[in-house]
Amino acid sequence: CVPDTTNLCSNQFLATPTIIPYRLDPSHITSPFQTLSLDGYLSFDNNHHTAKDFGNIYHFQPSAVLYPKSVFDISCIIKLIFEMGSGSELTVAARGHGHSLQGQAQAHRGIVISMESLEGSPKMQVHIGKRPYVDVSGGELWINILHETLKHGLAPKSWTDYLHLTVGGTLSNAGISGQAFRHGPQINNVYQLEVVTGKGDIITCSEKKNADLFYAVLGGLGQFGIITKARISLQSAPKMVKWIRVLYSDFSLFSKDQELLISSANSFDYIEGFVIINRTGLLNSWRSSFNPKDPIQASQFSSDGKTLYCLEMAKYYNPDETDVMDQRTEILLSGLQYIPSTLFTSEVSFVNFLDRVHLSERKLREKGLWDVPHPWINLLIPKSKIHEFAEEVFGKILTDNINGPILMYPVNKTKWNNNTSLVTPDEDVFYLVAFLSSVVPSSTGTDGFDKILTLNRRILQYSATANLGIKQYLPHYRTQGEWRAHFGSRWKVFLQRKSSYDPLAILAPGQRIFKKAA
Ligand code: FAD
């Protein structure tokens, strides 16, 4: 049985914010579920929060929300829906922290599973030894894992920039940050998973056991199963981080230095970068958290009207290793070609470094600027095409700042596992480029949402037509043709895995890859 892909949701919602009105028809959902004996519970009203996500553009109202207290609750609900067969239109979306951008964790008239209710079930267990790891629930937030593992002097190796995301949510995508050049993304740093498939089966999988399901689920956009437990690899954690920023006005020098740093075994522990377009008083704004190496020169530097490239690096250390760390950092910096007056450094605790975006979140929340629409796009671009891309996008399409950061950094694919469902460009080194715009409440018409969408469309159109081998990360497409093109030669395997693990296309309808036949 192959899931129906012909009737793929070609939706009209891509460009416009959409609210689907709440249309609860209790008879189509409550009766079959009334007899279930659950450890948690099903809620049929006040579920509007599950029709929202961080993107704040798509709003699909579910019929019910499951607050599970055990893996059996999840299995029980999915089994029941599976047994109803294709006669029922019910679908199921696992919702982690709801930080998707385009409704990926929503289920129109379906059942949303609030994975955070599973948090602490089982209790986090850190295993020390030669190959340390932590066992966590799929609904656990990464910030909680950091705090728990640090009690043992350990921490996960690979992160996202923001830690208030769930394990299941990031493992369904990849989990990419400045450590990925060395350790691969988060999906490369998992030893074992417990998964509930689209048939309701509870299966433990790893590289050695049920490997096909293991790799399918990692980066699998929630299509093959719900991650209820994960075993995450750990390493010793440093106490402190030296955090460094430098600027370039020449893109070639910037990317050359980034590529040099990620290729060296004895490099920084974290390497990212961002593009800055026409920012006033940029270096002054850094002074609240960073110290300029040369304060006088730095105060004379003007960023106005320019396109600049910031290389961001971090070196981990313990307080008794400060001198060695300083020497190593000096050596690494001496090989780079940044603008000398723009060297800024800061020493922060490991926790504050990893949780840095949360600090910005707090400030934005205070100003009412966190829960605004976020029309973000994330692209993976082959190294050989990055200059072409930069020339067109930073030289022609974007002439002003986009109301949010533009991240840009290379990663080393040789450190990534090719068996997962994640699709990346076909080169050993590729760049993550993320356009992270916010629509601020005062902006209207062409100054706000419309303007950002137009720019996004131009970037995406250019990426698709210029034949640069670019892949979307956190992908979002309208048509089956686009999904097929995204997966390329891997589409066949993706389809096979879907028919093995979720033949009725019950799971993660918000990704809009498959539509449940009803
Ligand atoms: P949700 O949005 O709740 O779910 C995402 C998808 O995964 C949905 O399809 C959902 O159905 C599915 N899903 C959720 N839980 C499970 C589960 N247990 N089992 C199976 N499927 C599940 N990403 C990066 O890689 N690097 C970054 O640095 C980064 N920074 C970010 C910063 C911010 C501020 C935000 C908002 C997002 C960032 N992201 C980053 C993207 C983020 O990793 C994804 O959006 C992720 O899916 C969010 O996790 P979540 O727990 O909110 O998932």
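Here are some questions and answers on the domains and on strand pairing.

This is a predicted model, where local features need pLDDT of at least 70, side-chain atom pairs count only at pLDDT 80 or more, and totals for chains, interfaces and linings use all residues. Residues are numbered from 1 along each chain as its sequence is written.

Q: How many residues of domain 1 are in contact with domain 2?
A: Two residues count as in contact if their C-beta atoms, placed from the backbone, lie within 7 Å. On that basis, 25 residues of domain 2 meet a set from domain 1 that numbers 23 residues.

Q: Which element gives the most to the side of domain 1 that touches domain 2?
A: Helices (H or I, at least four residues) and strands (E, at least two) are DSSP runs, numbered from the N terminus. Two elements give two or more residues to that side: helix 16 (491-501) and helix 2 (71-84). The top giver, with 6 residues, is helix 2.

Q: How many bridges join strand 10 to strand 12?
A: Strands pair if DSSP finds at least two bridges between them. Strand 10 (residues 190-197) runs antiparallel to strand 12, and Q192 stands opposite R231 in strand 12. The number of bridges joining strand 10 to strand 12 is 7.

Q: What is the bridge partner of L154 in strand 12?
A: Strand 9 (residues 154-156) pairs with strand 12 in the antiparallel sense over 3 bridges. Within strand 12, L154 has as its bridge partner S236.
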